[in-house]
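Student: I would like to learn how to read the contacts between parts of a protein model. Where do we begin?

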Amino acid sequence: MDSKEDEAATPELLSFFYSRFFPYKTYVNWLNYETESNGAFKNRELSFTLPSDAYLRYNSYNGEEDLKAEIMKMCPTKIDIGAIYTAKPKDKKTMRLSAFKPVEKELIFDIDMTDYDEIRTCCSGASICYKCWKFMTVAIKIIDVALREDFGFKHLLWVYSGRRGVHCWVCDENARKLSNERRAAIVSYLAVIKGGTQVSKKVQLNRTLHPFLRRSLEIIEKYFEDIVLKDQDVLGSEENWSKVLNCIQDDEIIKKLSNKWNGSNSKSSVQKWDELVNELEHAASASGRKYSKKAEQLQICKLEIMFQYTYPRLDEAVSKNINHLLKSPFCVHPKTGRVCVPIQPDDCENFDPFEVPTVSSLYQELNLYVEGERKVHDYEKTSLKPYIKYFDNFVKGTSKEAREKNRSQASMEF
Amino acid sequence: MISIRTIVSETGEVKNHNQKYPYRLNFYSIPPIEEITTEEFEVFALDRLQVLKAIESASLRSRTELQVADHIRDISNQYLPLHSTDGGKNYPLEQERRKDHISHFILRLAYCRTEELRKWFIKQECALFRIRFIEENKEERQAFLNNERLNWNDLSQNEKESMKNELSHANPHIKFNDETFFIVDFEQVLDLVSRRAVYIKAGKAYVPTSEQVTLVVGEFRKRLSAALNLASRAFPSIDDERILPLLNNINQQYLGKTYVYNNNTIVDKVTADNVDQMVGHFPLCMQHMHIKLRELHHLKHFARMQYGLFLKGIGLTVEEALIFWRKSFSSITDEKFQKEYAYNIRHSYGMEGKRQDYSPLNCNSIIMNKQPGPGDQHGCPFKHFSEDNLKVFLTQTGVKKDEHLKAILDIVKGKHYQVACTKYFEITKCLEDSISRGDDERHLMETIKHPNNYFEQSVKLSKINNSQNSK
Ligand code: SF4
Ligand SMILES: [Zn+2]
């Protein structure tokens, strides 16, 4: 199959998508978490971006029907999901501010390719290609396993953002109920890349790596050569290798290596990396330096560079605040026309952002579909099917957890 | 005499307890019940405040934990000595502990009223408790914890062995074989989690005894913050007219809320703590930003740049600048401050990045460049204020006579902002009367070209006046 061309989502295509494909029922079930008479869903903030670029915050709905009616009417180019509040967000204006407080929201993560601009050499800004998409694969792998094994979360929904990044929704009950302080602690545990554009060395490690970093390093080691050295060729041009050398806190080594590399274009990044590693090891074991602080620093420097060039770059502000909104799954990206579909974390290396259905491809698929005996849903006639199925299954999981919780609570009340 | 009981009984249940203090450490769950003099009341409160204040500035100066502890021990011994039980022969333990107990409760009242005050108090008290807990000997500690019924599940020997690698990697500094681990929910040790200083698995944290202090301080913080919330609701019911002013006075002192402008003080060394006293020497633009900083606890980027470089120009060192801005931005977390502001401050002192040493902006560039947008406080009031606002501000800052006001505003209308600034200087420093009598065009001063020049002139002038006065 050819990869699907980017194609802006026209209002006609959008409304076609919203009427035939958007999974309203599962969606409402998901956000409701089995609360009685849609209690959680009713108090959930949804906000819409309209084609006019107007941004409407604090919408809320009673259920599937009025949600669908409104979406069909507004035809939003983007839907954001916010927190569950103490009351219906649409009544916010009529309430005292102190009575309107966010109480729950999924723990969310946002990883965006633009944050990789200082390390990727293939593209920049909004564009992506197969080469840099691999950064997202590594990001999913590292964060997913940490959230599951370290924090014990089970219900993680990974979603393609429609263009150049991924989102993660941690839907476990204890994740939804986290205070801001706790969210911040989790983010700080997971965040390894620190510092803004004016800081060249963004990773500081201790000599003994924490088990979480050790595990992350194992994943990084699998990909580093392939992604960073071969695909991105970060030691290729002088402009790029000098950025890498800037992470080394030793002027002598920097000078030595840049003398070696200057003017010679014959060496590959892999060869240069070997030279760099050798140089670091040599300097660390040089006489008089063994076991010194400096030697330690040089030894760990190799790992710091590997982390800086491979470790996921999280948008920390998004995750730290219970109020923060995040683009909803199954939106359509207005520029690319791609649907924000779920990604299976255990199969994320096979996820291809260029194969994701676009609204226009769905339109064609539906037109080409030959009706059979059995009556099937529209989505089942198209390449959207596996994604919707996956989402259905995911929501079965979160609903089950919520039901069990309700049951155990009911029996306790007896 | 004031009965503490009448104050503190509002804050919670008064348990009947004998006035003996078996432990040096105290969770302050039981309010003191006794009468003390107003004098003692104030002395106790201010002494404890000295200690808390020292803790704050020690941690702001980012010394090592050891240095901070040393420093605090010195200050404590001076203002609020508190010795361990084994020092009983040499020290009046009962008295020390009574003072510790009562002073804590007085400050609790003084600092319960707003979120900001509570946050400040909790932070410093937790730090103090932490230092004391670490210093206490093992037996006393354990006895105290037993008494408070604080204990956590231990990791069994077998489990411990099976996790040996993970545990020792997460805590490389411990002696693994001697260590016991507690199993708690990760939420109980957020501080360790965020520093990756503990092994966590499936939401459980495995905390070594050496980090037990984090658990205990966590418990201390939890209880204290609950008690403060309770007290804040009880506060309005305190109407003892002897106590209220005392309490108000206490909590105001340490957030830099009231700045005393004393024209006669010329401080030679500019520090984070005495900037407030120098505001009287500042030109209008800097006065404005200073007032806004105190009011909003924040300034936007260009204002931080304009004001920050000015302060640098009058002699505020980079260390002091970090403290000054950290304290001033009182509503943000340390982490946010470190991440978003500390770099830029050091940068402006040439300590980061291109290591360019930036000099304070002159009037011309303040007036011409970077026009302030919504929410911006930088710029030059003469140029960037509406006439009405400028009028109000001039009146507030010492232009009392209508003719003076009119004179300045006329100059502003002619777009001679720096001349207006000079006029303002002359008027507020009372040079006006002595000079303009004879010749209207004559100025004692050269036109102000630089805010820092304004400052220097002002300081110089007050030195002259001082020496004349003392003759
Ligand atoms: S004229 Fe210069 S010194 Fe005076 S207020 Fe304006 S900018 Fe500041
Ligand atoms: Zn690319």
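Tutor: With a definition. A polar contact is a pair of N or O atoms within 3.5 Å; within protein, one must be able to donate a hydrogen and the other to accept it. Keep in mind that this is a predicted model. Between domain 1 of chain A and domain 2 of chain A, seven residue pairs are in polar contact, both at pLDDT 80 or more.

Student: Which helix supplies the largest share of the side of domain 1 of chain A that touches domain 2 of chain A?

Tutor: Helix 5 of chain A, residues 130-150, with 11 residues. By class, that side of domain 1 has nine nonpolar, one polar and nine charged residues.

Student: Where do the two domains lie along chain A?

Tutor: Domain 1 covers 11-189 + 313-413, and domain 2 covers 198-310. Their centres, taken over C-alpha atoms, are 37 Å apart. In contact are 19 residues of domain 1 and 19 residues of domain 2.

Student: How is the size of an interface expressed?

Tutor: It is often given as the accessible area lost when the parts come together. Here, domain 1 and domain 2 of chain A bury about 1800 Å² between them, with 56% of it on carbon and sulfur atoms. On the domain 1 side, T121(A), V138(A) and I142(A) lose the most area to domain 2, together 28% of what that side buries.

Student: Now the chains. What area is buried between chain B and chain A?

Tutor: About 1900 Å², of which carbon and sulfur atoms give 59%. In chain B, the residues that lose the most area to chain A are H169(B), L190(B) and R196(B), together 33% of what that side buries. The contact joins 21 residues of chain B to 25 residues of chain A.

Student: How many salt bridges and polar contacts are counted between chain B and chain A?

Tutor: The salt bridges number two. E316(A) forms a salt bridge with K339(B), with the closest N and O atoms 3.9 Å apart.

Student: Which helix of chain B gives the largest share of the side that touches chain A?

Tutor: Helix 16 of chain B, with five residues. By class, the chain B side has 10 nonpolar, five polar and six charged residues.

Notes: Residues are numbered from 1 along each chain as its sequence is written. Chains are lettered from A and ligands numbered from 1 in the order in which they are written. This is a predicted model: local features need pLDDT of at least 70, side-chain atom pairs count only at pLDDT 80 or more; totals for chains, interfaces and linings use all residues. Side-chain values use heavy atoms; hydrogens and water are left out. Domain bounds come from an automatic or database domain assignment. Contact means heavy atoms within 4.5 Å. Buried area is the accessible area (1.4 Å probe) that two parts lose on being put together, summed over both. A polar contact is a pair of N or O atoms within 3.5 Å; within protein, one must be able to donate a hydrogen and the other to accept it, and residues adjacent in sequence count only if both atoms are side-chain atoms. Helices (H or I, at least four residues) and strands (E, at least two) are DSSP runs, numbered from the N terminus. Ala, Val, Leu, Ile, Met, Phe, Trp, Tyr, Cys and Pro count as nonpolar, Asp, Glu, Lys and Arg as charged, and the others, Gly among them, as polar. A salt bridge is a side-chain nitrogen of Lys or Arg within 4 Å of a carboxyl oxygen of Asp or Glu.
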